Amino acid sequence: MAALLRTSALRAGLRARAAKSTAAMASTTFVRGKATLPDLSYDYGALEPYISGQIMELHHSKHHQTYVNGFNAAVEAVAEAEAKGDAKGVAAQAPLINFHGGGHVNHTLFWENLAPNGKGGGGEPEGKLLTAINEDFGSFETLQKQTNAALAGIQGSGWAWLVKDKTSGTLSVVTRPNQDPITGNLEPLLGIDAWEHAYYLQYQNRKAEYFGAIWDVVNWGTVSKRFEN
Amino acid sequence: MKLLPLLSLFPVCIFASTNPDLAWNSDDSPNPQDLHLTTMSVGAYNLPALPYAYNALEPSISGQIMELHHGKHHQAYVTNLNNALKTYASATSSNDIAGQIALQSAIKFNGGGHINHSLFWENLTPASSPDAKPESAPTLMAEVAKTWGSLEGFQAAITKTLLGLQGSGWGWLVKDSQGLRIVTTKDQDPVVGGEVPIFGIDMWEHAYYLQYLNGKAAYIDNIWNVINWKTAEARFIGTREDAFKILRASI
Ligand SMILES: [Fe+2]
Ligand SMILES: [Fe+2]
């Protein structure tokens, strides 16, 4: 067993030397592309009373930071495995890339689609976005109802999203488990975090109250921009 | 049986409904199908009482967490399970197969939530209890030492597994025909497949957040003080049916 390990380590070492220039390049790219925690464009307490400052601080500086760190570690592990020609090692990182990368992407979109009430947050969608909502849902109120029902129906941790089909332009509400990001032919417009950490300190088990309150801090300007892009 | 283990535990009983929503108006001639729906009903699961006070697991798990976790979260699984099973019985009696299939995810989720929490409460105990000492599980400890080298080796292994969970879920020590194993189940999936659950650790954020915030490693460290090793030993020595006794008692 020990001999086997030494042999495969030696082989990996040889492969690593052969792939040295690629590895150097990959690690340079990695350093340049390292993910970082984005700053919030508002204070932690600015979404009160809808989302408490304590929740925002932990959510951004601890939870989101953990996804950033986990994503960077997984990307680094991929680069190292790749440099050794270790396809199995690369594949082993896929779930971690999806989870931590998804967590980073989702939370980044989330912070941007929120804003303090009365300062970009709350109210109702306008213009082309409102027209599309009326066409695809019947009314803004129906969109809210559908979204809240989707949020309430999540079994475990996850997100609900208002999305746009990139081909047809049609809007719909979808959910994703855990940190699975919106990919493929769907463009994420508005994300709502339904993990317990997003509301528990303030709402405990009364998650319907959180789902009701979050509309008061939705940044429809951001959602419109994403829709029109 | 494997897909819906709860149903096998669930007696379908017939009694006259006292629910006015289900009773037909005596001025109308009763439609045979309504009659069937009215008389066909099912027994209901109840929230099992905790075998200790809400604050009895402090300081490992706060009384506030226990009260919400048992009184609200577990209760919601029981309520939603009973609702789903009631609707399922109606769908069955009206031969609505699509309706039955549509309910399976709600039955699995809420039934799993009821099973998992019922097992969890029983496999915890106040730190001051003699049952909280690993010495209360001599046979199990011998097997743990055989499998992981030591209790500490096992604790390190399950901690690593629990910290690697992506999203909500549970970690379990289970016994199967090969011996002991650590498994995780996502969301409220119960341990199915014939294993005997020895003990479970709830890794949903509601299980620790009010006290530990994002510090889930500290929650795992502290839960070792309140594991009920006497229950774990009994489940290890017994069968799957013995472990699920608590569920049959909650009907
Ligand atoms: Fe989150
Ligand atoms: Fe729980």
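1. A friendly start with one residue of chain B: B:Arg181 is partly exposed, its relative accessible area being 33%. Please keep in mind throughout that this is a predicted model. The side chain of B:Arg181 meets that of B:Glu195 in a salt bridge, with 3.2 Å from N to O. B:Arg181 sits in strand β2 of chain B and B:Glu195 in the loop between β2 and β3, so this pair ties together parts that are 14 residues apart in sequence. B:Glu195 is buried, at a relative accessible area of 13%.

2. The next pair worth a look is B:Lys108 with B:Asp189, a salt bridge whose closest N and O atoms are 4.0 Å apart. Which parts of the chain does this pair tie together? B:Lys108 belongs to helix α5 (residues 104-122) of chain B, while B:Asp189 is in the loop between β2 (179-186) and β3 (196-202), so the parts joined are 81 residues apart in sequence. B:Lys108 is partly exposed, with a relative accessible area of 39%, whereas B:Asp189 is buried at 18%. Salt bridges with shared partners also place both residues in one network with B:Lys186 and B:Asp187.

3. In chain B, the side chains of B:Glu143 and B:Lys146 form a salt bridge at 3.4 Å, N to O. These two residues are separated by about one helical turn, because they are three residues apart in helix α6 (residues 138-148). B:Glu143 counts as buried at 18% relative accessibility, and B:Lys146 counts as exposed at 67%. Over all chains, the count by this rule comes to nine salt bridges.

4. Now to the domains. Chain B is divided into domain 1 (3-122) and domain 2 (130-249). Their contact takes 27 residues from domain 1 and 32 residues from domain 2. The area buried between the two domains is about 2500 Å², and carbon and sulfur atoms give 69% of it. On the domain 1 side, B:Ser60, B:Asn116 and B:Leu119 lose the most area to domain 2, together 25% of what that side buries. The rule finds one salt bridge across this domain interface.

5. How many residues of chain B are in contact with chain A? The contact involves 17 residues of chain B and 18 residues of chain A. Between them the chains bury about 1800 Å², with 55% of it on carbon and sulfur atoms. On the chain B side, B:Gln166, B:Glu205 and B:Tyr209 supply 36% of the buried area, more than any other three residues. Across this chain interface the rule finds zero salt bridges.

6. Finally, the metal site in chain A. The iron ion (ligand 1) is coordinated at 1.9 to 2.1 Å by A:His59 (NE2), A:His107 (NE2), A:Asp193 (OD) and A:His197 (NE2). Angles among the four donor atoms run from 89 to 136°, and the site counts as irregular because a tetrahedral one needs all angles between 85 and 135 degrees. The spacing of the donor residues in sequence is H-x47-H-x85-D-x3-H. A:His107 lies in helix α5 (residues 94-112) of chain A and A:Asp193 in strand β3 (residues 186-193), so this pair ties together parts that are 86 residues apart in sequence. A:His107 is buried, with a relative accessible area of 0%, and A:Asp193 is buried, also with 0%.

Definitions and conventions: Residues numbered from 1 in each chain as written. Chains lettered and ligands numbered in written order. Predicted model: local features only at pLDDT ≥ 70, side-chain atom pairs only at ≥ 80, totals over all residues. Heavy atoms only, no water. Donors = N, O, S within 2.8 Å, 3.2 Å for Na, K, Ca; no water. Tetrahedral: all angles 85-135°; square planar, octahedral: opposite > 155°, others 65-115°. Helix = DSSP H or I, 4+ residues; strand = E, 2+ residues; numbered from the N terminus. Buried < 20%, exposed > 50% of the residue type's maximum accessible area, 1.4 Å probe, protein only. Domains from an automatic or database assignment. Contact = heavy atoms within 4.5 Å. Buried area = accessible area lost by both parts, 1.4 Å probe.
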